[in-house]
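Thanks for sending this one over.

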Amino acid sequence: MTDLFWLHGESWAQVAQVAEAVTASPGDVLYALDLFGTIVFAISGALAAGRRHMDVFGVVVIAAVTAVGGGTTRDLLLDRHPVFWIDDGLYLVVIVGAALVTFFYTRYVRPPDSALLYADAFGLAVFAVVGARVALDHGGGPAIVVLMAGITATVGGMIRDVLCDETPLILRREIYATAALGGGALYLGLQSVGLGTWGAASATIVAVTLLRLAALKWTLHLPSFRIGDPSN
Amino acid sequence: MTDLFWLHGESWAQVAQVAEAVTASPGDVLYALDLFGTIVFAISGALAAGRRHMDVFGVVVIAAVTAVGGGTTRDLLLDRHPVFWIDDGLYLVVIVGAALVTFFYTRYVRPPDSALLYADAFGLAVFAVVGARVALDHGGGPAIVVLMAGITATVGGMIRDVLCDETPLILRREIYATAALGGGALYLGLQSVGLGTWGAASATIVAVTLLRLAALKWTLHLPSFRIGDPSN
Amino acid sequence: MTDLFWLHGESWAQVAQVAEAVTASPGDVLYALDLFGTIVFAISGALAAGRRHMDVFGVVVIAAVTAVGGGTTRDLLLDRHPVFWIDDGLYLVVIVGAALVTFFYTRYVRPPDSALLYADAFGLAVFAVVGARVALDHGGGPAIVVLMAGITATVGGMIRDVLCDETPLILRREIYATAALGGGALYLGLQSVGLGTWGAASATIVAVTLLRLAALKWTLHLPSFRIGDPSN
């Protein structure tokens, strides 16, 4: 367990190490991407908390729940202990950092909405790949891999929306859960046809990000439910 | 782990096997009933998602959460791993099937509300018995058995209501959590006076279903809370 | 496992034992305080359920969820099994008792709001200390200790608010999550500078209770989020 908050020196050494890892092995790349996805979701949580005028601690709490909710649910369901952010203190460091920077930065500058939407789409894609990878490493079958991709990518946002009293994300029609589940299936398919972790991960992240952005731009959606409307 | 989605043949063989099991041993009967309860709750989840005009994937997600939420919470609390639907892929197969059939069927035909209410009452009763059985097999004392009956039968519906932004079920007054907890106590009592699994399960399922239907028909409810209303 | 509900004699013997423990060792004192915090949160859950006119079973359910939600989440995250209230039946006894007494008492007498606010502040403080202690005993680092203090003290209330369709507690600005997290940090700090369990626990409980009451009295709050409001 890292002694967070007291040993900043060590933590920053870890951050440097991660930056370096981006040019390294597939596992390290996924770790770096996972941290990036964590930062993105922490920011989205902090902004949602901000819209409800929470205080600085409430903002950090919602940022943390948004960023780790999906992976924590996945780890509890798969009985993977210690849960990832208990095992590796760096997650909490980047979450608190991202939440505080968002909190203070947005006192002066309103971030462009489009930047957040791009980042959120990217975070969704990254977390879907991370969830699929973890389930594969755990020995899960195809259905479990796809589900864990979906759970890792969406549960944090669901809890954020419930706590912030916003319309839950999953109610919005522009291909959200779909993109995450589809990302899990795509990653699995690409690996099973022989692509390495690297290739499968990058292709999936690009595909899910683009799908989500396209869905937002043209308000694409799947056929939706119309109870008892035979004219449809 | 069943290779869902790729090995339909095997899955359907399993379905046939379950149908056969209805005439077999008590354990198999409970398993068949559990799958039936799962289908019923998946349909109720799909219909709730439909009322919010979710897309087809959102419908499947809410159906799954409704159907497995209670049993999953029970398994996590009792530290039973793998969680039942990770262990046995058939649950996910019937959930996805039930959600899709509901989705497409209701594009043409509006199901009669009464049919759903009957089925939902039956699902509640079945899940209460399944939860009590699992807790007993796990070595839980009476209070834990009753609680796990209640948790198994109601948590999925609670999560469904929160995600679909509907008034949580537990707020409705017509004897819902009560029927589930009472079912757990009845099952326990019948077993402790010597009835076998078969007898105790059937009697409990009939009793809880009838209680719930009676409560709906005559809007029965227990004494409810009136803060500071001494005239009551 | 205690045979709850059937062996009242034993249970009451346990209650007497706890009362006695208040004059005993630090561990026993924390246990007694934990039970007291449990009662306080059960009452707060019962009152919230009462405001939504739930029936008597619904009231017990919400009381239980409020009282054990935080500690259960903590135990699941730390993989501590059996979960505390499954391990020790006395928690359920005091919860059901507190909920029923609240239910019947408030039919005749409206409790003064101020009494509840005092008790709730005290419950928050006690649960923060209990959460910190459990995390320390589990070998958690400082960040985990502080987080578990916050989770133990606030998650039950969050679930209560979501199920009762009230504005989630964490949205309210008067220093709530902050007080719990701060309590965890204070307890940790006091122990690390050499205070025993006794001293650190009492000082933390007093400090958190006073902070929370002061925040309520003068509607204190931390700087809050104002997106894009540069005049702030």
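1. A definition to begin with: contact means heavy atoms within 4.5 Å. By that rule, residues 24 or more positions apart account for 73% of the contacts in chain A with a separation of 6 or more.

2. Some ground rules. This is a predicted model, in which local features need pLDDT of at least 70 and side-chain atom pairs count only at pLDDT 80 or more, while totals for chains, interfaces and linings use all residues. Residues are numbered from 1 along each chain as its sequence is written, chains are lettered from A and ligands numbered from 1 in the order in which they are written, and side-chain values use heavy atoms, with hydrogens and water left out.

3. Chain A has nine helices and zero strands (DSSP runs numbered from the N terminus: H or I with at least four residues for helices, E with at least two for strands). Of its 232 residues, 56% count as buried, where buried means under 20% relative accessible area, exposed over 50%, and partly exposed in between, with a 1.4 Å probe and protein chains only. Chain A exposes about 9200 Å², and carbon and sulfur atoms supply 65% of that area (Shrake-Rupley method, 1.4 Å probe; for residues, only the protein chains shown count as cover).

4. On the surface of chain A, do look at the nonpolar patch formed by A:V101, A:Y105, A:Y108 and A:V109, with about 440 Å² of accessible area together. Patches are made of residues with over 30% relative accessible area and no salt bridge, joining like charges within 9 Å and nonpolar side chains (Val, Leu, Ile, Met, Phe, Trp, Tyr) within 5 Å. A:Y108 sits in the loop between α5 (90–105) and α6 (113–137), and it counts as exposed because its relative accessibility is 59%.

5. B:L77 and B:M148 are 71 residues apart along the chain, with 9.2 Å between their C-alpha atoms.

6. Helix α9 (residues 197–217) of chain B has 21 residues and reaches 30 Å from first C-alpha to last, close to the 30 Å expected; the expected span is 1.5 Å times one less than the number of residues. Among its buried residues are B:A200, B:T204, B:V208 and B:R212. Just after α9(B), B:T219 takes a positive phi of about 35 degrees.

7. How many salt bridges are there over all chains? The count comes to twelve, each being a side-chain nitrogen of Lys or Arg within 4 Å of a carboxyl oxygen of Asp or Glu. In one of them, B:D75 pairs with B:R80, the closest N and O atoms being 2.7 Å apart. B:D75 is buried at 0% relative accessibility, whereas B:R80 is partly exposed at 30%. In chain A, shared partners join A:R74, A:D75 and A:R80 into one network.

8. Finally, the cysteines: the structure holds zero disulfides over all chains (pairs of cysteine sulfur atoms within 2.5 Å). The sulfur of A:C164 is too far for a bond because the closest cysteine sulfur, in C:C164, is 19 Å away. A:C164 counts as buried, at 0% relative accessibility.
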